Structures are given as C-alpha cells and as structure tokens.
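This report describes the structure shown below.

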Amino acid sequence: MKQLFDNVSFKCSKLVTQSYSTSFSLAVYMLAPSIRDAIYSIYGFVRFADEIVDSFHGFDKKYLIDDFEKEYYKAIKAGISLNPIINSFQQTVKQYNITDDLVQSFLKSMKLDLIKSDYHNKEEIEDYIYGSADVVGLMCLKVFVAGNDSKYEKLKMEAMRLGSAFQKVNFLRDLKDDNLILNRNYFPGIDLSSFDENAKNKIIKEIEDDFKVAYQGIIKLPVEAKFGVYTAYIYYKKLLKKLENTPCHEIGNERIRVSNYSKAGLLAKSFVSYKLRMV
C-alpha cells in the first residue's frame, strides 16, 4: 500500500532529524502532532542537501546535488519517489503549497558551497543566507499557517530574520570547521586568521538584532507552532550567549555546544514561560 510507504518515508525524515540534531528534534516535538511530520520532512530534505555539499568528501558532490535535485522534480511530477526523504518532502510541498522559488533558492545556496568560499560584501552573504536559511524558515511558516496566505505575508519578514539568526549562530559556532576544513568564510570583511573580540562582538550584535525582530513574529504564531518555535529560539539564544562568553580564540579552535543537561533546563524554562503566557 502506498500509505504504508508514505508512513515509512515520514519516519525516515524523523529519524534523520533525530540523528543529526537533538536540539531541532526536541523543538519539533514541541509542535502540535498534526504538523510534526511536515517539519520533519522539510528538515530531512534540507539536511541531506547540506550533507552532500559539506560532508561527502571523496565523492562527486556536484553530481550528487544535481541528481538530488533531479530526483526531487521527478517526484513532484510523478507524486512519488523511492527516496523516502524526497517522497515525504514532495508531499509536504504539495499539501502546504510551498512555492518552487523557495526550493530553488535553497538549492542555489547549496550549490554555491561547491564553488564559492568567500563572501566579499553584505549583498553576497545576504543572498546566500536567504537561500540557505531564510527560505527554510518560510517553508516551515507555510506549514504553520496552514494555507492562510494573509498570515503568511504578515509573518514572512520575522520568519526570515529568525532563519538568519539561526544561520549566523551556526556560522559562528562552526567557525573552526568552516575555516580549517571547508575553507569557507561567511563573514565579509573579517579576516579569520586575525579573528578578535571586536569582530566577534560585531557579529553577535547583528544576530541579537535579528532575534529581536524574530521574537515579534514568534508571539504571533498559531498555537500549534508557537511553543516549538519558541523552544528553538531559546536554545539558539542560549548558544549565542555561550559564544559571547567564550574567548574568540577558543571559538576558532573548537565547536561550542550546549550540553544536554542545559537543553533540558531550557525546555523547562520555555514551558513555564509559555504556560504563564509570557510568550
């Protein structure tokens, strides 16, 4: 039965989420059960594409990402893919009317990682972040508003700023791997070989501004999505604070993390705030 295969496909996307990101999978679990599978499917799709360009060393990455894209469009046309990650995602795309410009912008940024290692100005990096992060937030927003185009347009800007904030935190946290392993610099005008506290604080201030705007959108989200998104927001705010308190030379030499114990505490704090209607 096709339904059985579809169920397996969504379970595969859930497994990908849980395996690659404990923090994001925790946030998804805080969403209403009715929308969890759709968000798992979005994460599974974008995670696989990201892994192709970031992790599959020794393989023809261009061939793999091009083939991944082709398989997606074949699935959109046929209504099925034997790749369970693509199969679940294409169903979510159709159910929630995720427009093709969002998918194309995402894939464009993924392909940039194969050919571009430095971003020389604000316009270049904003274009990359739009495709690699903002549109993922917009895909999720499509699910959260369940077809309400008016609400989507009202929350669109805040969703993009949240995606930008998450991505910039990731850039700062992954400074060591991006610079030393992947030879990438996502911070225009900053020489990573002389990365200092002033450069770090400038980046942190920019992220904090994104978070302030994003929060105004979080409090307006439908109840099915609000607590889950707020959980992710709190986690990334905590990670940003930890990065702020970490000497710049340590950020360049190790990957900063939030412990599972701290994550549990953040979840409890988020739940109390939510129940007290502080969000």
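## Terms and basis

Axes are lines fitted to C-alpha atoms, for helices over the stretch in contact, and angles run from 0 to 180 degrees between N-to-C directions. Helices (H or I, at least four residues) and strands (E, at least two) are DSSP runs, numbered from the N terminus.

The model is predicted: local features need pLDDT of at least 70, side-chain atom pairs count only at pLDDT 80 or more, and totals for chains, interfaces and linings use all residues. Residues are numbered from 1 along each chain as its sequence is written, and side-chain values use heavy atoms, with hydrogens and water left out.

## Overall fold

The chain has 13 helices and zero strands. Of its 279 residues, 51% are buried (under 20% relative accessible area; exposed is over 50%, partly exposed in between; 1.4 Å probe, protein chains only). Among contacts (heavy atoms within 4.5 Å) with a separation of 6 or more, 69% join residues 24 or more positions apart.

## Helices H7 and H8

Helix H7 (residues 122-145) and helix H8 (residues 149-173) have axes that come within 7 Å and cross at roughly 130 degrees. That makes H7 oblique to H8 (angles under 35 degrees count as roughly parallel, over 145 as roughly antiparallel, 65 to 115 as roughly perpendicular and the rest as oblique).

Residues of H7 in this contact include Ile125, Tyr128, Ala133, Gly137, Leu141 and Val145. On the H8 side, those taking part include Tyr152, Leu155, Ala159, Gly163, Gln167 and Phe171. By class, the contact of H7 with H8 has 13 nonpolar, five polar and five charged residues (Ala, Val, Leu, Ile, Met, Phe, Trp, Tyr, Cys and Pro count as nonpolar, Asp, Glu, Lys and Arg as charged, and the others, Gly among them, as polar).

## Glu69

Glu69 belongs to helix H4 (residues 61-78). Glu69 is buried, with a relative accessible area of 14%. Leaving aside neighbours within four places in sequence, Glu69 contacts Gln104, Leu107 and Lys111.

## Aromatic rings

The structure holds 19 aromatic pairs (rings of Phe, Tyr and Trp, its six-membered ring, with centres within 6.5 Å; planes under 30 degrees apart count as stacked, over 60 as edge-to-face and the rest as tilted). Tyr119 and Tyr186 form a stacked pair, 5.8 Å centre to centre with 25 degrees between the planes. Tyr119 lies in the loop between helix H6 (100-115) and H7, and Tyr186 in the loop between helix H9 (175-181) and helix H10 (197-218), so the pair ties together parts that are 67 residues apart in sequence. Both Tyr119 and Tyr186 are buried.

One aromatic cluster is formed by Phe166, Phe211, Tyr215, Tyr230, Tyr233, Tyr235 and Tyr236.
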